[in-house]
Amino acid sequence: MYKDKIAVIGLGYVGLPLALAFAEKYFVKGFDINAKRINELNQGIDNTGEAGSNTLTSLLEKTASSENTSGIYFTGNTNDLDDCTIYIIAVPTPVDTAN
């Protein structure tokens with residue numbers, strides 16, 4: 001597999017599926033500021049319906065310092081992202097009347 005570690009910042013409708021796709025070949029750290037969201041993902045629960053629990057649990061890593069070359073670690077701690085080599089930001093874009 002690959003040595004790069006990827007940080008996906010924002011685990012919503014775009015970020016989570018993207019993070020899981022990368023986690024099949026790379027070690028990914030999925031970051032979100034919503035602690036409830038992180039806790040649910042670490043339990044294999046995705047309330048957005050973007051990923052099934054089998055997908056989440058099969059790729060889930062329990063530690064940020066994993067030596068695995070693939071898998072995903074969910075965190076709300078920015079310090080866990082320090083060793084990442086690639087950062088992808090997937091944050092919401094609010095749409096208003098002016099688009």
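This is a predicted model: local features need pLDDT of at least 70, side-chain atom pairs count only at pLDDT 80 or more; totals for chains, interfaces and linings use all residues.

User: Okay. Where does glutamate 61 sit?
Analyst: Glutamate 61 is in the loop between helix 3 (53–59) and strand 3.

User: Is glutamate 61 buried or exposed, and what is the nearest side chain of opposite charge?
Analyst: Glutamate 61 is buried, yet has no salt bridge. Lysine 62 is the nearest side chain of opposite charge, and that one is 9.6 Å away.

User: Which residues is glutamate 61 in contact with, leaving aside neighbours within four places in sequence?
Analyst: Phe27, Ser66, Asn68, Ser70, Gly71, Ile72 and Tyr73.

User: Switching to salt bridges, how many are there in the whole structure?
Analyst: A search of the whole structure turns up four. One of them joins lysine 29 to aspartate 83, with the closest N and O atoms 2.6 Å apart. Lysine 29 is in strand 2 (residues 27–31) and aspartate 83 is in the loop between strand 3 and strand 4 (86–89), so this pair ties together parts 54 residues apart in sequence.

User: What about glutamate 40, which residue does it form a salt bridge with?
Analyst: Lysine 36, the closest N and O atoms being 4.0 Å apart. Both lie in helix 2 (residues 35–42), four residues apart, about one turn of the helix. Glutamate 40 is buried at 15% relative accessibility, whereas lysine 36 is exposed at 58%.

User: How about arginine 37?
Analyst: Arginine 37 meets aspartate 46 in a salt bridge, 2.9 Å from N to O. Arginine 37 is buried at 9% relative accessibility, and aspartate 46 is buried at 10%.

User: Last topic, threonine 75. Which strand is it in, and what is it in contact with?
Analyst: Threonine 75 is in strand 3 (residues 71–75), and it is buried, with a relative accessible area of 3%. Leaving aside neighbours within four places in sequence, its contacts are Gly30, Phe31, Asp32, Ile38, Asp80 and Leu81.

User: And how far apart are threonine 75 and serine 58?
Analyst: They are 17 residues apart in sequence and 17 Å apart in space, C-alpha to C-alpha.

Definitions and conventions: Residues are numbered from 1 along each chain as its sequence is written. Side-chain values use heavy atoms; hydrogens and water are left out. Helices (H or I, at least four residues) and strands (E, at least two) are DSSP runs, numbered from the N terminus. Buried means under 20% relative accessible area, exposed over 50%, partly exposed in between (1.4 Å probe, protein chains only). Contact means heavy atoms within 4.5 Å. Lys and Arg count as positive and Asp and Glu as negative; His and the chain ends are not counted.
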